[in-house]
Amino acid sequence: MGFRLAEFFAQLGMTPATVTLLAGVCGVIAGHLYYYRDLRINMVGMVLHVCSNALDNADGQLARLTRRESRKGRIIDSLADHLVFVSIYLHLVLRALVGGSSPAIWFLALAAGISHALQGAAADYYRSTYLYFVANGARASKDSSTGLRSEYQGWTWRQRPCDKFLRCI
């Protein structure tokens, strides 16, 4: 499904960043809709959550399809993913608190969030490692720490604040 969406977005001339933004917006709204105790609203949230996941899959495939892969795109995609799940966890905790749950629910949500972030990092690591070996190291120059450090040191906060910030995190 993600590849079909990527082909569709390529025909429309959309950029991977636009698809990432659309996925993030759908996911954050989905998280908000989980707050309400109305099944119809929750179902709309679920549909938006599924759309967010499909778009999140499509943005990377669109980047590869149109040869617009970049480190900045991967970082922005990761940030959008984290924002979606912060929205989901936050709204579910708020819903539970309004419903009378113990404030200890924050610890459960924090544990779930940390677990989710670690799982995502592990999945990204294994995907990158797989691509490294399948592509015979072709992506190594794009991800070398020496290259990243050199780029970072060559940029100033005044000239390229966004790039400098994205390399910090």
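The largest cavity has a volume of about 40 Å³. A cavity here is a set of points on a 1 Å grid over the protein atoms alone where a 1.4 Å probe fits but cannot get out, and a volume is the space filled by probe spheres set on the points, which are joined across faces, edges and corners. This is a predicted model, in which local features need pLDDT of at least 70 and side-chain atom pairs count only at pLDDT 80 or more, while totals for chains, interfaces and linings use all residues. Residues are numbered from 1 along each chain as its sequence is written, and side-chain values use heavy atoms, with hydrogens and water left out.

**The cavity**
- Lining residues have an atom within 4 Å of a point; among them are Thr20, Ser52, Asp56 and Val84.
- H2, H3 and H4 each give at least two residues to this lining, and H4 has the largest share, with 4 residues.
- The lining has 3 nonpolar, 3 polar and 4 charged residues, where Ala, Val, Leu, Ile, Met, Phe, Trp, Tyr, Cys and Pro count as nonpolar, Asp, Glu, Lys and Arg as charged, and the others, Gly among them, as polar.

**The second largest pocket**
- Helices H4 (71-98) and H5 (105-134) each supply at least two lining residues, and the lining includes Phe85, Tyr89, Trp106 and His116.
- In this lining there are 9 nonpolar, 3 polar and no charged residues.

**Helices**
- The protein chain has 8 helices and 0 strands; these are DSSP runs numbered from the N terminus, with helices (H or I) of at least four residues and strands (E) of at least two.
- H4 has 28 residues and should span 40 Å at 1.5 Å a residue, which agrees with its end C-alpha atoms being 40 Å apart; the expected span is 1.5 Å times one less than the number of residues.

- Buried residues (under 20% relative accessible area, with a 1.4 Å probe and protein chains only) make up 25% of the 169 residues in the protein chain.

Definitions and conventions. On a 1 Å grid over the protein atoms alone, a cavity is a set of points where a 1.4 Å probe fits but cannot get out, and a pocket is an open set with protein on both sides within 12 Å along at least five of seven lines; lining residues have an atom within 4 Å of a point. Buried means under 20% relative accessible area, exposed over 50%, partly exposed in between (1.4 Å probe, protein chains only).
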